[in-house]
Every structure is written in C-alpha cells, then in structure tokens.
Amino acid sequence: MTEDLQYVGGSYPVHDVAQKVTGELVYGSDFSLPGMLHAKLILSTVPHGMVKRIDASRAEALPGVVKVFSHENSPMDRFCRARIHPGQDLAEHDETLFSERVRFVGDRVAAVVATSRAAAEAAAALVEVEYEELPALLTVDEALASTDVLVHSTGNVAYESEIDKGERPDLGGAVIVSSSTSTPRVHHAALEPHVCIAQGHSTGGMTVWTTSQGVYAARTVIAELLDMEYHRVRVIKVPMGGSFGGKTEYIIEPVCAFLAHATRRPVKLLLDREECMIATMVRPATWTTIRTACTPEGVLLDFEAATTLDSGAYASSTPDYSIHMCKKVTKLYRVPHYQHQSRAVLTNTPVGGACRGWGAPEMAAATEIHMDRVAAALRLDPVELRLKNMVEPFDTDLVTGLPLGDARVRECLERGAVAFDWAARRARPAGRGRLRRGVGVAAGAHKNGMFGAFPEASNMSLKMNEDGTFELNASLHEVGCGIVTTMKVIVAEVLGVHPDRIAAGEADTATTPFDYGTYGSRVTYVVGECARVTAEKVKARLLEAAAELLKEPVVHLFTRDGAVHVKNDAERAVAYRDIARLSEMRHVPSIAASTTYYAVSNPASYSVQFAEVEVDCATGLVAVNDFLAVADVGRAINRGMVEAQYQGAVQMGIGYALYEHLDVDEQGRSGIDGFKNYHIVNAPDMPDIQVLLVEHEGDDGPFGAKSVGEIATVPTAGAVVNAVNNALGTELSDLPLVPERIIAALHAPEEVPACSSC
Amino acid sequence: MGVTDVVTPVRLEDLVAALAAATPQTRLLAGGTDLVRSIRTPGSEPDTIIDLTGLAEFAYVRLDGGTLRVGATTTFTALQWDPLVREHALCLGLAAAQVGSVQIRNAGTIGGNIANASPCADGATALTALGAEVTTIDGAGTARTRPLGEILLGPSRTSLAHDEAITEFSFPALGPEHRSAFAKIGSRTAVSVARLSAALVVRFDAAAGTLDDVRVSLGAVGGAAFRASRLEESLTRLPADEATAQLFAEGCVAAVQESIPGRYSLPYKQHAAVGLAYDAWNMLALSPPCEPAWA
C-alpha cells in the first residue's frame, strides 16, 4: 500500500485507560441501581440426578431474603445459550433457567434473591436440596459406551460430522505417520467474573446491563425465553474486565432477566470465581488422531483426522466448535486429500463452549505435534518440512472452497526462522544432564469473520458535530483488545483528524445499530471495514461542503489535520470546526452517513511461533526461556495493541501447553475453586516475547488489516510442546505437560496415560 | 450471615484479655493470607477475629545468647532480609523468600504460617529442621513453651487451644560451622504452594572434612513437616562430597516413599525428591555443584 498513513500503524492506549487507572470506570460489578436485589445461585453438587426436594424455608426466613427460585416456581421453557439470531441452525434448546434434572456439578438448581449480597449468600447456604442420583457419565468414553444412561434424551453424541475433500493420490511408497493428541478442558481466566444487572419497567419493558460479547444475541435469548417483544428488551454492554470467549454465550443474562421480571425489582447476578470456573463454560477437552501420508521428501499426500470433543452437559456451541476443528488444517497446508470426522459428545461435566480460537488452538496443537513426528520420521528439519507443505498466497482452502487471500504464512516461517536463529538453536545439543534445552516451532491459521457461513455484515453511522469533531454510532463490544480505539484510528485515518476528536461508544440495542458482536475474529476485518466505508462517505460530504466554501472543485481538495486543504496552495483551507460557522450550519446536518457493510471475503490470518524451553528432568518443571511470535496481520491498525495482544495470547498458550486443566474426579467434582488451585502462568515464569509483524495488506479489511485476537494464541501450545519433545527426545502429546507427565515419560514411559478416546 | 467482631490488641495484656473472651469460633488473624480466604465460606464466619498484627512487640528477630528468637508476627519479608536470620538460620530466610508472592510475604507471618498448619507450610519445614520451640500465651496469661512437633498435629490441626496464641519461636542459633538450605518444588516458580519442600542443616567439620549435626526436614509429604532421623544418622560423619549428595538424595526418596505409601502423588514426588535433594545440597556449597547421575 503506497498511501501515506498518518494514524494507522501507530500505537494508542485502550480508549478507557485513564478511567481504568484512576478507578473511575464503572464495571458491571460496581454498578448498582436504587432498590436493587442481589442473586446467588445454588448449584448442583451431584453430576447427574433428579432434584427430589428443595427446602427453602430456612433460607426464606432469613432477614432480607426476598425469594428462592427453582424449577418448582419458575418457567421450564428451554433456551440455547449459544443462540445468535432467531433462525440459527445448531442451536439446541437444551437448558432451562433451573434444572429439575441436574446434569453436572455446577448445574443451576436454584437462585436466592435478597436485599444484599451477604444475605443472598447466607441464605443460599441454607437451601436444602435432595437429589436422587443417576449414574454419571464423566468421560467421553463412558458416554459413548452408554446405551441406557443418556445425558439428554437425544443421545450422548450431540453432533457428528465428516468432511472429505479432494482426491486421495496413489500412496505407494508413501511414509505413513500416526499420532494422538489430547487437549484439556480449561477455564478462560478473565480477571472479572461474570456479572449481569436487569431491571423491569412499568411499561412492560426491561433493561439488561451485561458484560457480553454480543448484546443483540443476548436480547434474542432473553426476549424469546421471557416471551417479550424485542423492542421492549434493551440490552446494554457495560465495561468488562476480559472475556476470551467466556462471555460470548448467554448463561447468566436469561437467569438475571427472569429474576428481575419475577421480583419486579432490579437484580444483580454476580458470580464468584468458582462459579465462573465450573458453572459458566469451559474450553472443551478434545482428542484428535491424525494419520498422514507423505512422499519420502516430505510432501503431504493425505491427511486424515478424527476428533472427539467433550461437550459437557449441554451441547451449547460445541457442535459448531467440532465442525470448525475440521476447517483449520487446509488453511495452513496444501494437501491433495483431506478427511476429518468429528463428534461432540455429551458428558456429565462442565459445559463446553466458545473460547479464544474456536477449535483452532486444539487442532493446531494436534497438527503441529503431528508434523514434528513426520519431520522426525523423515529426518527433516521441522521448518523445512513445513515449508514444503504450506499454502501460498491466494490459494483456495480445500475444505471451505474460500480463497485464503494474501496468505503470508510461508513468509512468517522464513522470517521467523532467521529472527529466532532457528537452525543454530535446533542444532545445539539438548544436553544429557538435569537441565535440557530444546526449541520448537508451530504454525496456525484462523479466519476473519463468518463470511461463507452466513451473511456477515455490520452497520454503523458517523456524523460530524458543529465543532468539527465526530461521533461514531456502532454496536461495539470492547472485550479488552482495543476495538473502540481501532475504530477511532480507522475513522481518523480516513477523515484526517486525530483519533481523540472522534467519540465512539459501546453497544446498546436501543441506540446502536445491529451488529453480531465481538467474536469470530470479525471485528477489525468486518466492523473495521464498515467504519472505513462509513468514514469515506462522510469524507465525501466534507469535501463537497468545503468545495462550496472554498469555491474549488472537489478534485482540488484533500483532508489533513482536521481541515480540508487546497492542493498546491498551502494558504487555503477550511478547518472542520469552521464549516458550521461559515455555512451558517447549512452543511452540518448532512455531514453524516450510515452504512450497512456486507463482508466480501474471509481470508486466513496466520501466526508462526518459536519457543525455547529448558526442562528440569529432576522435577519435570518446564521453563519457557525465549519466545518469538510472527504474525501475518495484513496491516497493524494499532501496533502496540497488536504486540500486546500477541504477548497475552502467548501467556494463554503457554498455560494451555504446560499448566492449565480443569478435570473432574469420580464424583464429577473439579476440586478447583479459584486461582489458588487453578494455575495460569504468572509473571515470574513468562519469557520475553518478541513479536514480528508481517504486513502485506492484500485483503479486504480496513487498510489491509486482518484479525489478531484469536490467531495469536493458536500455535502457541504446539510450539511449546514441540520444544519440550525436542529437549527430551520424547513424543509427549497429552496436554498439559504437567511435571507428573514429564517425569513419567522420562522414568516409566509405559505409565504415561494413553489417550482416553478415539 | 454472621456478624464478626474484630479486636486488634496492641499490648500483651490486651491480647490476654481478648484471648480470655475467645470461644471455639474465635479466629486469630496473623496476616490473613490464609484466614481471609477461609472465612468467606458461609457458615464459617468467626464470632470474633483477634488481629495479632497490631502487636508490634511480637515482630522481632533477636539473638539471645546462643538462642535465636523470632516473634510470631514477624513477616516473611522481614525474615527474608533479616541479617540475624541470614547468619544463624539461613534455611528459614530461604523458606521465607519462597513463600507466595511479595504481597503475601509482606502480610503473612511466621506465626500464622504455623498456626494455619498446612502440610505445605514453608516455614514449618525450616523451623522443624532448626529444632524450634514454640512459646504461646493463653487467656489466663499463662506462657508455655513446647516443641514445634507438639503443636503441629496434621493438616489444619494443631494442639493450640482456642484461647492460645503463638508469641515466639526459639531455637539454637546456627554457628559459623553450620550451613543450612531450603528447597521447594511447586507447580510454578512463584505464587505456588509447595508440592515438596526440604530443609537441610549440617555442621561441617573443616578439619575432618565431614558432616555432623545433620538435620533433614521434609514438608508437603504427609500431615506435617517431619525430621527424617534415619537419614540424618546415615549422613553423620560422611564427607561433604558428591557421593554423600547422592546418599542424601536416595534417603530423601526413601523418606518420601515411607511417608506417603500408595498415595496418588507418590510416583511423581519420589522422583522429584531427587531434584529437591540436590537443590538443597548444592545450596550448602560444600562440594562443587552436582546433579543426579542420569542413565
């Protein structure tokens, strides 16, 4: 791109940084309304059973307690927490506000509503629940084997799919390699817990304030469940302290809205950490086997995979998640034939659902661990093997049939290998002592929105104020990755004004136009392009107004620094702030535009990551000493934010590779109730992370930008696991590589737990 | 929804008065890094919290003849940097330095660490190796001194009465011939409870080149930190060389195996004990740094 960019590519803080550091920002949990009640959930303590009796008498006798709600006195209409719009496929209505049949430890049994949080908590402890236990299916193996016990009457396989694309070539002489990889169930670990506030109105309407990633979808779920017309339900996005997909689905919003509706009082439902961990949703555990055939030179001929995904107790979005695991490999590698069977299996465990990367980190871990096995079998360097097989720019994705766009993964790998000094580091001996060093590489691919799956679009309007500042009206959902700033920078670049002179707010179904929300790696690519197109329309109106005031044709004009200038005449310009005065307001009302933008493509974003680890063979502890993330971002809109997003994503991916797992015991309990016993990687264990951006701008996003938020964490775990295997000469592929697994692999390989599925 | 009173005595007599009024539902706060989390559970709210951190007179490290005295409300941060601890009880300073995070070390105290009676308590492992005695005071104003092993009975279990507070730890100060070390394995480098910890104290006879007064304490295996006495004896009068390091590691493995037979965590801990033992040994700096021999 040859144009001279003034704002795009600079570094800007997140839009509300000053409010955050001064404590001024009102998060959902800080928010309160006059007369507001507090709700506390009562969760199932058994993994599968019928609620036989609920005795709320002692709880309801406590001062301040308004009422206890359960299946006995609440609607039993079913809803789907993952519904985005009314006509959506694969959105099973499989849960109720409160369960009579409980399906996992953490299922909602009841809620206490009281005048204070303390009263609600104290009362919750007094509600007596008696269960008739049913046999519990705590693993996918048990669920698949069971014919009599079913998690839902529709069967334990929530969804099965198979993709078979391309033609299998002659495999004579081919080298066949097989692998099995398992990835754990993990918690999103957003710092802020889930919170929602709802208030009914005497008009019959309702307002809901939520830390959601999609207010329109929240409205769909609430309005349909409570049988209210959509225009009477107003859902407002409030500032949130992180999500990572954990607040994409509508779990507490319908509950909170119902409680407000039923009590006719404002109600706040704020979860604690344990509830967030076990009773909202988790990244689902997966098991993937891969069998590839390639030429002795290392060119892939055939790729066959089978994935089993643990949906947990409600299908939620996991059918779609399982399908998407089949759509990752062919974005990354050229292969003549690709076959992938996947299934989502219901179990009596915490509910699986959206988590950063939507199946891509899971599948990238399996694929990239497998590719290192292929490299070992062929005695090829892992970088060399990948270069033989990676897609080229403007290839077509074999599985989706969509063009991959300006796919620069090959360049990411080549430049990264040089920057990381890969060849020299890989050649260095791991050592034979207690501490052994290794390096690993992994690549990953992800999408840019939902084009190809359904009509992907966004809506917004932009107007100029009387003083030459601008207001963008859009349903933005800031989840911490700086999208409000991103939109301002895009608009600023088009209009030639500093981003500080543009106001942009967040989503409110009553006042901001329809948008799906922040997920699916769609915001910069789709919503950002909508902002650019809208700003171009406003710029055209500005130029027309200025042309009249300056008495010059539009083609003689350009915008910069908040003014319209005459080309080749430095003396003549009209500042935006003067347009109102000079035209006696005549132009101002028309310097505005609205746009509905339909996405036209869905290229792939890529990342290639390099890790160096040091493994303590005595304790099994792994230190990640050095890390390089190379990113095919098209164009960085906010450079500092892109780098920071990558650094955060690597933190998440290292945790996925080495630490995090939310398992359940024989009673279906996780035993985890907070960050004391659920360890993420903390600062002392974090390496320096170098981020190298590859920018080519060949696609249809604003100024060439592509998605960052999800792809950033896709290859991380694979790179770390490959580095550990390089250090130890092992073939570890059950994540996370906790010290027990490493010690077992070193001392008693036969004791390493095999993949429990597939 | 209990209502909890908080009293913060600032003088010893105020503490005695507060203890006299204590009930079995009264809890002592000595930093709060464990207590505050535990009393959040509905139904476990104390009737009264006696906040010991107001007792500035209990935060000290003193050398009293050959005895080192550590006040119960001394924070881990204070222990970590205290020159007397470094000179006369290095393993305690090293243990303090590995507790939690800076924030936790600034609040958490050695008295709280012991009274909380976690099997993983870093302070307990170090004090066990140092042969510490514990002085307490009760609601009648009676002071008692007894060995640490008589206080720690098991996970979250102590012999402390509900009206009894720890005031001081005391133990023979290590002399110039002594070396001591503390090592710990957690699930990550920092902010991690010990999955295994060890404190090692030896006296090095420079003339003979051998060890005596060997003391080995292990934590996070079993209900409370304990001394591996058989191992201690087996190392006595051995040279401070790599062969002894290996015997020490093997002895730690045996002690771990004996302490938690059949336990789920044993397969890992018995291997990790080797690394832990070498970490502790190397901190003594009596032989060139060594590591286990790998097949």
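How many residues lie between strand 24 of chain A and strand 25 of chain A in the hairpin that they form? In this predicted model, the two strands of the hairpin are separated by 5 residues. Within the turn, Gly620(A) has a positive phi of about 80 degrees. Strand 24 and strand 25 (residues 622-632) of chain A run antiparallel and are joined by 10 bridges. One pairing between them sets Tyr606(A) against its bridge partner Asp632(A) in strand 25 of chain A.

Strand 24 of chain A is also paired with strand 16 (residues 435-446) of chain A, again in antiparallel fashion, through 12 bridges. In this pairing, Ala611(A) of strand 24 has Gly440(A) opposite. Strand 24 spans residues 605-616 of chain A, and 10 of its 12 residues are buried, so the strand is largely enclosed by the rest of the structure.

The mean pLDDT of chain A is 96, with 98% of its residues at 70 or more. Over residues 752-758 of chain A, however, the pLDDT is below 50. Beyond near neighbours in sequence, this stretch has 19 contacts in the model.

Between the chains, 24 residues of chain A are in contact with 19 residues of chain B. On the side of chain A that touches chain B, the elements giving two or more residues are helix 3 (117-124) and helix 19 (739-747) of chain A. Helix 19 of chain A gives the most, with 5 residues. By class, this side of chain A comprises 12 nonpolar, 6 polar and 6 charged residues.

Note on methods
Residues numbered from 1 in each chain as written. Chains lettered and ligands numbered in written order. Predicted model: local features only at pLDDT ≥ 70, side-chain atom pairs only at ≥ 80, totals over all residues. pLDDT = per-residue confidence, 0-100. Contact = placed C-beta atoms within 7 Å. Buried ≥ 20, exposed ≤ 12 C-beta atoms within 10 Å, placed from the backbone. Helix = DSSP H or I, 4+ residues; strand = E, 2+ residues; numbered from the N terminus. Pairing = 2+ DSSP bridges. Nonpolar A, V, L, I, M, F, W, Y, C, P; charged D, E, K, R; others polar.
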